[in-house]
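Reader: I'd like a quick walk through this one. Can you show it to me first?
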Amino acid sequence: MESLEDRIARLEKQVAYLQRHLGIDPRIIDSIPEGSALPPQFYQELRNGKTIMAIKIYRRVTGASLLHAKNAVEAMERQIRAGE
């Protein structure tokens with residue numbers, strides 16, 4: 001039978017693979033709202049420093065106001081820079 005530690009290690013490896021496959025930067029995971037369904041293109045734009053495009057995508061997907069989207073995307077950017 002698989003130990004708990006082995007199962008957790010296997011699951012962490014699977015999650016890391018999915019993050020890479022979907023283009024999700026693991027450094028910004030904590031800033032993503034629970035249940036968020038932001039597309040991989042959002043994270044790609046965010047990583048490439050294309051804030052305006054990231055805000056547009058965020059607004060389209062979430063229906064957030066411009067101010068809320070701007071604040072959320074900029075918070076994610078700050079978290080990325082802090083992790084570098």
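Author: Here. One term before we start: helices are DSSP runs of H or I, at least four residues long, numbered from the N terminus. And this is a predicted model.

Reader: Fine. Which helix holds Tyr 17?
Author: Helix H1, residues 4–22.

Reader: Is Tyr 17 buried, exposed or partly exposed?
Author: Partly exposed. Its relative accessibility is 47%. Buried would need under 20%, and exposed over 50%.

Reader: What does Tyr 17 form with Leu 18 and Leu 22?
Author: A nonpolar patch on the surface. Together the three have about 290 Å² of accessible area.

Reader: Switching to aromatics. How many aromatic pairs are there?
Author: Two aromatic pairs, counting rings whose centres lie within 6.5 Å. In one of them, the rings of Phe 42 and Tyr 43 have centres 5.1 Å apart and planes at 85 degrees.

Reader: So what kind of pair do Phe 42 and Tyr 43 make?
Author: Edge-to-face, because the planes are at 85 degrees and the cut-off for that class is over 60.

Reader: And what about the rings of Phe 42 and Tyr 58?
Author: Tilted. Their centres are 6.0 Å apart and their planes at 50 degrees.

Reader: Where do Phe 42 and Tyr 58 lie?
Author: Phe 42 lies in helix H2, residues 40–47. Tyr 58 lies in helix H3, residues 51–62. So the pair ties together parts that are 16 residues apart in sequence.

Reader: Staying in H2: what about the charge on Glu 45?
Author: Glu 45 is in helix H2. Glu 45 is buried yet has no salt bridge.

Reader: Why no salt bridge for Glu 45?
Author: The nearest side chain of opposite charge, Lys 50, is 4.4 Å away.

Reader: What does Glu 45 touch?
Author: Lys 50, Met 53, Ala 54 and Ile 57, leaving out residues up to four places away in sequence.

Reader: Last one. Is Leu 46 buried or exposed?
Author: Buried, with a relative accessible area of 5%. Leu 46 is also in helix H2.

Reader: How far is the C-alpha of Leu 46 from that of Glu 74?
Author: The two C-alpha atoms are separated by 9.3 Å. Along the chain, Leu 46 and Glu 74 are 28 residues apart.

Terms used:
Residues are numbered from 1 along each chain as its sequence is written. This is a predicted model: local features need pLDDT of at least 70, side-chain atom pairs count only at pLDDT 80 or more; totals for chains, interfaces and linings use all residues. Side-chain values use heavy atoms; hydrogens and water are left out. Rings of Phe, Tyr and Trp (its six-membered ring) pair if their centres lie within 6.5 Å; planes under 30 degrees apart count as stacked, over 60 as edge-to-face and the rest as tilted. Helices (H or I, at least four residues) and strands (E, at least two) are DSSP runs, numbered from the N terminus. Buried means under 20% relative accessible area, exposed over 50%, partly exposed in between (1.4 Å probe, protein chains only). Lys and Arg count as positive and Asp and Glu as negative; His and the chain ends are not counted. A salt bridge is a side-chain nitrogen of Lys or Arg within 4 Å of a carboxyl oxygen of Asp or Glu. Contact means heavy atoms within 4.5 Å. Patches are made of residues with over 30% relative accessible area and no salt bridge: like charges are joined within 9 Å, nonpolar side chains (Val, Leu, Ile, Met, Phe, Trp, Tyr) within 5 Å. Accessible areas come from the Shrake-Rupley method with a 1.4 Å probe; for residues, only the protein chains shown count as cover.
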